[in-house]
Amino acid sequence: MPLEGLFGGDRAHGTPTGIRPAATFPSQAGCAAVAAVAVTGLALAGCDGPQSALDAAGRDAAAVGNLFWIMVAGAVVVWVIVIGIAIAAVLLPPGSAGAANALILGGGVAFPVVVLAALLTFGLGLLPDWSDSGSRVKIHVTGEQWWWRVVYERADGTTVRDSNEIHMPAGEPVEFVLTADDVIHSFWIPPIGGKMDMIPGRTNRLVLTAEKPGTYRGVCAEFCGTSHALMAFSAIVHEPADFDAWLDTQAATATIADTDAARRGRDLFLGAGCGGCHVMRGVAELGNVGPDLTHIGRRKTLGAGILPNDPDTLAAWIRNPQSLKPGAAMPAYDMLSEADIAAIASFLAGAR
């Protein structure tokens with residue numbers, strides 16, 4: 001069979017269908033250009049956004065960003081000098097072994113050591129002194145699989161509980177007191193500051209100062225199990241007066257929507273035993289296994305920063321949490337009717 005017949009060729013043009021002329025394939029230079037543009041785009045995409053360590057919104061993140069760029073500059077200088085010396089040593093005429101050795105020892109050994117020592121000295125100078133943080137707010141955060149238990153400690157010693165969100169006043173140092181309940185986690189808000197490990201049985205401290213009001217994304221930066229990648233949180237930075245107002249509201253008991261659906265949902269919430277695991281101040285006070293739900297309707301996200309906070313998502317979570325977050329400790333309530341699940345979701349969405 002002719003080649004054209006085998007591939008369904010085009011006799012008029014002499015080119016078998018399915019075989020492209022060599023001239024139509026991208027050249028190697030074209031492929032390289034496309035790859036370079038793609039890599040550059042991906043690199044630049046990491047320079048801003050709610051989880052970018054290079055788009056600083058806090059004093060500590062700015063210091064880390066400056067250190068990064070200085071380290072990059074130092075690395076480039078060392079690389080250029082070392083490569084230049086290597087090329088010069090190769091191009092030296094025969095009988096210039098002494099000059100070549102001098103170049104290699106001076107530029108390939110001594111110069112990098114001096115530059116790296118200077119960079120190390122500069123980096124060590126950025127280590128913070130947390131002996132006296134000067135913070136009026138302490139935030140105790142406990143990492144659990146896979147969510148965050150949050151307790152705000154005011155200057156007068158009173159505490160306010162929350163879960164899966166961090167609220168901070170802008171322009172003020174905030175002291176985080178960090179630990180873990182089960183395995184090692186790591187607390188990190190990239191635009192605001194560096195990360196700190198959370199270790200069971202040990203308490204670590206981290207002081208951060210956020211400078212730009214806004215909403216940022218925090219994450220667990222230490223692999224902690226099945227749903228590690230689904231363990232995040234919203235970090236909301238307020239003006240100081242707005243933060244104080246938020247904290248006062250958070251300290252109050254839950255305000256329940258005045259609707260028949262919300263009241264029915266409250267009865268179902270208590271009847272299904274949800275209060276055995278979850279605190280909702282003013283409704284259920286004893287449970288302390290799962291996240292605090294007192295003001296869940298005010299939160300920006302569900303499931304520790306991974307889902308939108310709306311009644312449909314609440315209903316899906318109640319029905320089968322493991323379908324949204326594998327390994328979640330909360331049992332499925334798919335034995336409830338859809339009407340009952342919708343009523344509980346309406347009740348939770350209205351808890352403010």
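## Basis of the model

Two strands pair if DSSP finds at least two bridges between them. Helices (H or I, at least four residues) and strands (E, at least two) are DSSP runs, numbered from the N terminus. This is a predicted model, in which local features need pLDDT of at least 70 and side-chain atom pairs count only at pLDDT 80 or more, while totals for chains, interfaces and linings use all residues. Residues are numbered from 1 along each chain as its sequence is written, and side-chain values use heavy atoms, with hydrogens and water left out.

## The sheet 3-2-1-5-8

An open sheet is formed by 5 strands in the order 3-2-1-5-8, with mixed pairing. Strand 3 (159-163) and strand 8 (204-209) are at the edges with a single partner strand each, so one side of each has no neighbour in the sheet. Strand 2 (residues 147-153) pairs with strand 3 in the antiparallel sense over 5 bridges. Arg149 has Ser163 of strand 3 as its bridge partner.

Helix 5 (residues 240-251) lies across strand 2 and strand 3 and runs at about 85 degrees to strand 3. Axes here are lines fitted to C-alpha atoms, for helices over the stretch in contact, and angles run from 0 to 180 degrees between N-to-C directions. Contact means heavy atoms within 4.5 Å.

## The sheet 4-10-9-6-7

Another open sheet of 5 strands has the order 4-10-9-6-7, and its pairing is mixed. Its edge strands, strand 4 (165-169) and strand 7 (196-198), each pair on one side only. Strand 6 (residues 185-188) and strand 7 run antiparallel and are joined by 3 bridges. The bridge partner of Ser186 in strand 7 is Asp197. Helix 5 packs on this sheet too, touching strand 4 and strand 10 (232-238).

## Helix 6 and helix 8

The axes of helix 6 (residues 260-271) and helix 8 (residues 338-349) come within 7 Å and cross at roughly 105 degrees. The two helices are therefore roughly perpendicular to each other (65 to 115 degrees; under 35 counts as roughly parallel, over 145 as roughly antiparallel and the rest as oblique). Residues making the contact include Leu268 and Phe269 of helix 6 and Ile344 and Phe347 of helix 8.

## Cysteines

The structure holds 0 disulfides, a disulfide being a pair of cysteine sulfur atoms within 2.5 Å. The sulfur of Cys220 is 3.9 Å from that of Cys224, the closest cysteine sulfur, which is too far for a bond. Cys220 counts as buried at 5% relative accessibility (buried means under 20% relative accessible area, exposed over 50%, partly exposed in between, with a 1.4 Å probe and protein chains only).
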